[in-house]
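Have a look at the model first.

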2 protein chains.
Amino acid sequence: MQPSDLNERIVARGQALFAAIADEKPALFSSATWTGRVLQWSLQNEEFKTSLFRFVDVFPVLHGSQQLTEHIRQYFGADEQLPPVLATGARLAGKLGPLGGALLAKAITVNLHELARQFILGESTEELAQRLKVLHREGFAAVIDVLGEATLSHAESGEYLATYLRLLEVLAAEERRWQALPGLAGAPAINLAVKPTALYCLANPMDFAGSVAGILAPLRRIAERAVAAGAFLCIDMESYRTKEITLEVYRRLKREFRDYPHIGIALQSYLRDSEDDLAELLAWSAREQLPISIRLVKGAYWDFETVRARQMGWECPVRSSKSDTDAAFERMAAAILRQHRFCYFACASHNIRSIAAVLETARSLRVPDDRYEFQMLYGMAEPVRRGILAATGRVRLYCPYGALVPGMGYLVRRLLENTANESFLRQTFAGAAEIEKLLEDPEAVLSRLRAQERDAVPGDAASANAPAFRNEAAADFTRPEVRAAFPAALAAVRGRAGETAPLFIAGRDVLTATTVPSRNPNRPAEILGHVCQAGTDEVERAMAAAGAAFPAWRATPAMARAAILRRAATLARQRLYELAAWQVLEIGKQWDQAHADVSEAIDFLDYYAAEMLRLGVPQRLGELPGEENFLIYEGRGVAAVIAPWNFPLAIACGMVAAALVTGNTVVFKPSGLTGLTGRRLVELFAAAGLPDGVLNFVPGAGSAIGDQLSAHPDIALIAFTGSLEVGQRIVERAAVVCPGQRQFKRVIAEMGGKNAIIVDADADLDEAVPQVLASAFGFQGQKCSACSRVIVLEAIHERFVERLVAAARAWRLGPAEDPAFDMGAVAEAAAQRRIRDFIEVGKEEGELLYASPLPEGEGYWVPLTIFAGIRPEHRLAREEIFGPLLAVMRAADFDQAIAWANAPSFALTGGLFSRSPANIARAGNEFRVGNLYINRAITGAMVGRQPFGGCALSGLGTKAGGSDYLLHFMDPRIVTENTLRRGFAPAAKGAGQT
Amino acid sequence: MQPSDLNERIVARGQALFAAIADEKPALFSSATWTGRVLQWSLQNEEFKTSLFRFVDVFPVLHGSQQLTEHIRQYFGADEQLPPVLATGARLAGKLGPLGGALLAKAITVNLHELARQFILGESTEELAQRLKVLHREGFAAVIDVLGEATLSHAESGEYLATYLRLLEVLAAEERRWQALPGLAGAPAINLAVKPTALYCLANPMDFAGSVAGILAPLRRIAERAVAAGAFLCIDMESYRTKEITLEVYRRLKREFRDYPHIGIALQSYLRDSEDDLAELLAWSAREQLPISIRLVKGAYWDFETVRARQMGWECPVRSSKSDTDAAFERMAAAILRQHRFCYFACASHNIRSIAAVLETARSLRVPDDRYEFQMLYGMAEPVRRGILAATGRVRLYCPYGALVPGMGYLVRRLLENTANESFLRQTFAGAAEIEKLLEDPEAVLSRLRAQERDAVPGDAASANAPAFRNEAAADFTRPEVRAAFPAALAAVRGRAGETAPLFIAGRDVLTATTVPSRNPNRPAEILGHVCQAGTDEVERAMAAAGAAFPAWRATPAMARAAILRRAATLARQRLYELAAWQVLEIGKQWDQAHADVSEAIDFLDYYAAEMLRLGVPQRLGELPGEENFLIYEGRGVAAVIAPWNFPLAIACGMVAAALVTGNTVVFKPSGLTGLTGRRLVELFAAAGLPDGVLNFVPGAGSAIGDQLSAHPDIALIAFTGSLEVGQRIVERAAVVCPGQRQFKRVIAEMGGKNAIIVDADADLDEAVPQVLASAFGFQGQKCSACSRVIVLEAIHERFVERLVAAARAWRLGPAEDPAFDMGAVAEAAAQRRIRDFIEVGKEEGELLYASPLPEGEGYWVPLTIFAGIRPEHRLAREEIFGPLLAVMRAADFDQAIAWANAPSFALTGGLFSRSPANIARAGNEFRVGNLYINRAITGAMVGRQPFGGCALSGLGTKAGGSDYLLHFMDPRIVTENTLRRGFAPAAKGAGQT
């Protein structure tokens with residue numbers, strides 16, 4: 001809370017500023033303009049707002065009147081349904097007739113260009129210079145920001161760099177003609193803002209050191225030129241993900257250019273971390289005697305940060321309310337102003353309360369005027385900028401420069417900022433808020449909010465008692481302890497190298513004479529351990545143990561079985577990095593992929609435990625008096641779980657956990673490549689308290705054990721994940737009722753995929769390119785969900801392929817344990833041979849667009865490979881390859897794209913990048929795969945949210961991690977009791993009544 | 001409403017009667033007695049009341065202290081948990097120590113005998129005579145009612161008859177010693193009540209004429225003796241089911257004994273029909289100049305009638321409130337009193353208001369005292385009976401006579417009557433109701449109740465909008481129009497005899513050269529029609545048609561598909577009797593069985609339609625911002641439906657409807673024995689508006705078509721119901737992926753059973769015997785759910801077998817179309833041979849207890865056959881016979897019974913008759929069948945309430961008519977959309993959000 005006398009002065013100052021701007025309205029909120037009217041409509045209509053923002057987003061890529069008209073119809077409805085406000089301009093312009101659509105499109109195009117031009121200073125250096133001159137004449141300084149955040153390749157990063165270098169040249173020449181602005185006489189006339197991630201397309205917190213170095217190199221070149229030109233250089237703060245990297249880059253750059261004071265950094269007061277970051281920065285600056293400069297902003301990615309954190313399961317990095325952010329802004333501003341001797345301050349806000357607070361705080365601290373300035377976004381809050389300029393004489397406008405296309409993202413963000421409920425500008429200029437409220441100390445507002453929250457009636461008490469399932473959090477590599485955990489865990493795992501992993505039967509370890517070594521595919525000479533191999537006899541013993549344990553386990557209450565899964569989840573959580581490290585070494589998963597695998601295993605444990613508690617309650621059917629019908633589900637017997645190597649913990653754990661929690665006992669065969677990870681899973685369950693014999697572990701020769709189990713008369717069900725060939729064999733063999741068999745076997749099988757992503761003509765390539773790459777080449781493409789075909793609409797083919805290949809070139813190959821590498825070796829020599837054979841096939845069938853260079857050393861390397869020109873009849877379009885090989889197919893239209901996408905007899909995952917509502921809806925209906933993803937990667941299904949599994953020949957229609965899954969592991973039974981005796985029927989039991 | 005002056009007199013009279021009984025309490029409500037205290041406790045504790053009533057019910061069959069103690073513990077808890085009131089007597093008696101249980105058992109036994117003796121006048125004729133003398137001395141007349149309602153065999157009916165004849169003899173001798181009671185000088189001293197259904201064990205409204213004749217024969221003999229002895233004979237009214245039969249019996253008897261005035265009938269004022277019945281009876285009596293006598297009661301089966309009507313889907317025959325019944329009582333009493341010259345009136349009520357109303361109404365109508373009397377139940381309401389005796393001098397007590405065992409049912413009914421919330425006696429003697437209220441005109445109470453109902457807020461508005469599924473009503477053969485409908489429908493169907501039923505492919509009838517005749521199994525020479533036979537080509541054409549129709553049908557909205565099912569249901573409802581008649585003739589179903597089959601078909605249509613509306617809505621998963629995940633289900637392709645002959649409409653309709661409503665197209669092969677019924681199903685769907693090609697009909701050779709379909713690459717799923725052998729072949733063949741096949745086939749198969757009913761040592765044989773018979777021999781045992789083994793506990797084996805065989809002897813064999821017969825011919829000659837072979841096997845393995853005689857004529861007859869001495873290793877205990885052959889197995893204890901029950905590898909249905917809560921709970925857990933039924937027949941699963949299907953080798957764990965069933969016909973798909981674009985995520989869509 002501000003001291004009350006200071007606060008009084010702030011309020012008074014604010015009132016004076018408000019008085020000065022009187023009834024002026026910024027263009028955006030002026031009902032005299034089309035933009036103003038449309039924005040006003042958005043404020044009243046959430047659905048229209050969404051459509052408008054999305055349309056603005058896609059607009060730059062729409063070519064020709066037809067495409068534009070179609071999109072207008074899809075977003076806003078047919079002519080007669082169009083919101084009047086949208087049509088008005090067009091009606092006035094063209095008297096909507098049969099040509100209505102085209103005319104409307106034209107009018108909207110004109111208007112949108114107008115709108116963009118309001119926020120973007122110029123599209124060429126000439127235009128830029130011209131506009132800067134005008135601003136300068138009005139008394140405004142400028143900071144230039146080059147649009148184009150998403151650089152996907154070194155080429156694109158390079159272009160971004162080149163633009164800055166060129167800009168510096170142009171501006172340096174231009175500058176000479178400007179007179180210094182009186183209020184900003186001490187500051188450089190040239191001022192540039194730069195987005196660090198745009199300079200390096202691979203920036204990624206997992207590879208912290210590499211990212212810092214990757215950004216520093218081009219940034220250094222800009223800094224050198226800036227120094228030469230005497231320009232100011234500000235490093236922008238982007239999303240939370242790269243905050244630490246940016247801070248480190250800034251410190252490194254400052255050290256390199258110790259003597260140059262005009263290098264600054266932006267901080268965002270909406271981040272919970274920022275006050276600490278600021279304190280550290282100020283202390284560091286004082287300690288190092290380095291003069292710094294800070295631009296303080298509120299932060300522009302609130303929606304994004306919130307959504308991302310919630311989806312990832314992370315603590316939300318941004319403050320939850322506007323007043324909290326505003327209060328932090330005032331505190332941080334004061335902290336900076338107190339250090340004004342070391343730190344120059346740029347106050348970047350349109351909020352009159354914040355500005356008044358800075359002014360009055362500075363005055364109370366006696367900060368010289370030349371130690372701080374005000375910055376505002378070009379195109380917004382014109383009355384405020386004029387008012388502050390009049391009051392202070394030093395206002396710098398943040399001016400985006402660049403083409404309309406990359407600028408639309410910027411435009412949407414600005415519109416969002418202006419139309420958000422809590423926006424100061426919206427409240428000031430579009431709302432009816434009283435000035436008194438707008439000028440209230442944000443700390444006071446916050447206290448009131450918090451008191452209200454405390455007093456609020458707590459939510460649904462029932463749901464509080466039974467906490468809903470939540471996914472385990474993803475690895476947050478922004479945290480140094482997470483980055484440090486991996487090398488430590490890898491070292492620990494290596495410390496155990498050479499172990500002999502025994503079988504586990506009837507609760508006891510069983511050693512066998514035969515063992516096979518488990519190798520690191522990135523360094524095949526490295527043997528991680530030896531895995532005992534089960535023969536026919538051991539499998540038979542495991543079957544007997546599982547059979548003997550079954551009756552007692554089935555009779556164990558569902559709640560007790562679920563509790564064991566939950567304990568296993570807790571143990572896995574405690575050993576998360578170790579379990580991930582095993583996978584890094586044993587099968588070559590990258591850090592994040594291995595972490596995700598363990599998290600998914602934990603999810604399966606928690607989710608199936610919760611599900612079983614739901615299904616374990618007898619369900620009453622019917623409500624007639626005199627009878628009670630209860631539906632109960634119970635385990636079937638001994639389950640064989642035959643697991644793959646590509647998700648060696650998660651998938652095995654999911655199948656085992658589902659079988660166990662439903663009351664079945666299990667004979668578990670891991671993949672031959674990941675016996676050690678499989679053994680870890682068994683240890684988890686044993687430590688969680690699973691009774692002897694309930695889970696048995698029989699690594700060994702796949703085909704022999706698979707055949708033995710699938711034809712065993714005592715097997716009740718088989719859960720299998722693996723290849724179509726093996727799955728098909730299991731399905732066929734399990735269908736035969738053998739002598740002595742007492743039940744039909746149930747098979748739960750997930751098999752292959754030949755997954756396609758369709759890239760529509762209006763796709764956002766900034767999203768499509770990296771997501772296609774991640775889907776196709778993550779973990780070397782060794783996922784059943786991986787993308788192996790990308791079907792690109794003719795209209796966008798060239799641009800997509802160009803950016804795709806350029807982006808692919810940036811991927812570095814090397815051992816998975818080193819986060820500097822994006823792709824590692826494939827699982828084994830046989831896979832290496834198979835994939836290389838397919839590359840030869842591809843060379844005959846299509847055009848090799850790219851094959852990455854291979855690292856030195858003895859790993860099972862295959863290149864990251866992209867072919868173009870693949871057609872549906874080609875083997876590359878039909879056969880599962882299971883490696884880093886992507887086939888690009890060029891489709892004439894969306895019909896053909898859908899037909900091609902559905903052509904293989906696999907139907908596992910699929911994707912679509914499109915901004916056409918009609919095509920998105922159509923894909924939902926007609927692109928028939930188990931898991932379809934719109935505008936995102938097609939791998940990484942989350943338990944509970946995206947139950948996973950395919951149909952056709954990809955799977956049997958079970959959905960792992962979904963609410964129907966456990967039903968496949970149980971038999972349903974109905975128990976009906978006639979409760980009428982001697983004419984007397986008691987009131988019905990309530991238990992489980994629905 | 002009574003005229004107000006009359007009502008005033010009634011109230012005044014009532015007040016006088018109340019004053020006369022002052023503070024007297026009947027023994028049942030006296031806190032001085034153990035009974036009184038226990039009953040008081042029951043009134044406060046619903047659960048205890050249920051346990052008490054059930055314990056009283058089972059008590060008579062418990063032998064020995066151990067069995068008794070165990071039941072006490074199971075019903076009331078262990079010693080320390082015993083309700084104090086129950087233990088008190090025992091504590092006082094024996095200071096509960098280590099021998100507590102046994103002593104408690106002894107005390108309770110003594111108390112219960114005491115309780116029973118309060119209601120039952122005597123167990124022997126000597127005792128009876130003695131007690132009657134005492135009553136007579138007190139001034140009470142008596143009507144004697146012989147206990148033992150459930151007579152299951154002619155032998156038991158015969159015993160019942162013999163008891164009456166003997167009783168008449170004894171009483172005639174006794175009577176001579178009695179002085180006439182002054183108030184009842186004109187009435188016969190001997191007065192007997194007789195329950196008509198006890199005289200004829202087969203009474204059944206479906207066979208109305210046979211039932212009337214069957215009852216009349218023995219009743220005539222009683223009447224002859226009664227006339228000879230000058231005794232009064234009253235025909236009791238039992239449940240609504242036999243009300244019409246009883247009225248007809250009475251009229252017939254009265255006509256036969258025109259000159260004898262002392263034959264009466266009881267009417268129940270709680271029946272909605274009774275006022276009309278009374279009016280008719282009075283009119284008939286006047287018309288025929290036959291003096292009659294009516295005992296008017298309120299009615300004692302209210303719970304039973306309500307439960308039964310709701311379970312059967314019938315309008316409830318009883319009035320819904322006590323005041324409604326009381327008002328009807330007063331109206332009916334007045335009607336009778338007005339006709340006092342023809343009709344003698346016995347007013348049977350303990351309700352002082354009712355009695356006062358009769359007294360005052362009689363006075364106002366000037367009815368002579370000797371034209372009406374008052375009757376009350378022995379053992380209840382002693383103060384009332386003394387009061388009325390004092391006031392009128394003519395009270396007759398209704399005195400049950402007989403052994404304790406059959407008397408317990410009577411006892412429970414009496415306890416229920418006394419403890420029901422609305423009971424007049426409870427309110428008078430145990431409650432705090434004011435006399436004013438108790439004497440209020442019931443019509444006035446009723447008006448108030450109805451006004452309250454009208455004003456009540458209507459229930460859940462949502463559930464009113466989406467009416468829940470309700471089962472189609474069962475055939476109500478008490479209604480003459482239902483009885484008349486069958487002969488008419490049979491004649492109509494015969495009128496179509498000779499039709500040639502074509503195939504149906506792509507919406508068109510297809511005639512083939514080859515046809516097979518469809519015969520009436522009861523008269524094989526009768527050919528009902530000729531069914532065209534599909535060959536390989538026709539099946540291929542049907543496959544092509546179904547394949548072509550699939551995409552459009554899948555794309556048809558779920559709501560539209562469901563609407564077609566609902567239209568088909570409406571059509572089936574309109575043609576219900578005709579569709580039933582086809583089955584009576586084509587496969588030999590009895591009327592009720594055929595009606596049930598059609599009702600079940602309608603249920604499947606309605607239920608699956610409702611289910612699809614539920615599942616057709618995309619289900620939102622997860623609730624995180626920035627993503628939308630929808631789970632959708634959709635049809636898989638072409639479904640083969642291969643149907644059995646035993647439920648030729650219901651099962652075929654269920655499978656076809658499920659396949660269709662989920663969006664699959666169908667190739668339907670009916671059984672070769674029921675091609676005409678199968679054709680009717682196809683006609684229903686066509687008439688309901690199913691598009692061409694969606695349902696195709698290919699009757700033909702089972703094995704050839706089954707093989708062709710199960711191995712067809714274009715088949716997506718197969719729904720099969722039939723034998724294990726065929727099912728297993730289909731499962732195996734369908735598992736093989738053929739060339740060109742694009743998806744794994746799904747098989748939904750219901751196969752055989754070897755179903756057992758366990759008869760526990762404490763079973764209620766009055767229930768167990770007829771339900772076992774119905775389960776084993778209904779429709780000649782040709783149901784997969786039929787009982788083929790009855791496993792009887794040693795302790796009860798002899799008594800059970802004796803009653804079972806005696807009851808079986810009553811079953812009459814003959815053509816199904818004649819409701820006089822209980823069992824008809826089996827389906828075909830091959831079945832006849834197979835079953836006869838099994839009878840020969842049975843003769844070697846066990847002891848032939850009974851083989852019924854066979855009718856004349858050429859039907860496929862096999863005897864109703866019962867073997868004893870069957871052990872688990874016998875073929876009769878393991879192999880499915882599918883005919884009217886029941887194996888009785890004698891088990892040493894419950895453990896063995898459960899083990900034997902579970903022994904076969906079938907696990908379809910099972911049953912248990914037991915009154916041991918522990919054994920009932922244990923069977924629920926351990927008797928592992930798809931459908932377990934406690935204390936009822938094991939056939940007749942109801943859609944929605946008892947989803948049907950087995951596990952082990954009986955089925956694949958799908959449950960027809962259950963909420964998981966449709967899932968098997970669909971593929972689940974997940975559509976995930978990333979809704980975050982440019983950092984902006986709109987509010988989530990609500991559609992289908994859960």
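Chain B and chain A bury about 8100 Å² between them, 55% of it from carbon and sulfur atoms (buried area is the accessible area, with a 1.4 Å probe, that two parts lose on being put together, summed over both). This is a predicted model, so local features need pLDDT of at least 70 and side-chain atom pairs count only at pLDDT 80 or more, while totals for chains, interfaces and linings use all residues. Residues are numbered from 1 along each chain as its sequence is written, chains are lettered from A and ligands numbered from 1 in the order written, and side-chain values use heavy atoms, leaving out hydrogens and water.

**The interface**
- Phe744(B), Arg981(B) and Arg982(B) supply 11% of the area chain B buries against chain A, more than any other three residues.

**Salt bridges**
- The rule finds 10 salt bridges across the interface of chain B and chain A (a side-chain nitrogen of Lys or Arg within 4 Å of a carboxyl oxygen of Asp or Glu).
- Arg982(B) turns up again here, in a salt bridge with Asp57(A) at 2.7 Å, N to O.
- Over all chains, the count comes to 138.
- Inside chain A, Asp236(A) and Arg295(A) pair at 2.4 Å, N to O.
- That pair links distant parts of the chain, 59 residues apart: Asp236(A) sits in the loop between strand E3 (232–235) and helix H10 (243–256), and Arg295(A) in strand E5 (residues 292–297) (helices are DSSP runs of H or I with at least four residues, strands runs of E with at least two, numbered from the N terminus).

**Helix packing**
- In chain A, the axes of H1 (residues 4–21) and H14 (residues 352–364) come within 8 Å and cross at roughly 130° (axes are lines fitted to C-alpha atoms, for helices over the stretch in contact, with angles from 0 to 180 degrees between N-to-C directions).
- That makes H1(A) oblique to H14(A) (under 35 degrees counts as roughly parallel, over 145 as roughly antiparallel, 65 to 115 as roughly perpendicular, the rest as oblique).
- In chain B, the axes of H10 (residues 243–256) and H11 (residues 274–288) come within 12 Å and cross at roughly 15°, so H10(B) and H11(B) are roughly parallel.
- Among the residues meeting there are Tyr250(B) and Arg251(B) in H10(B), and Trp284(B) and Glu288(B) in H11(B).

How values were computed
Contact means heavy atoms within 4.5 Å.
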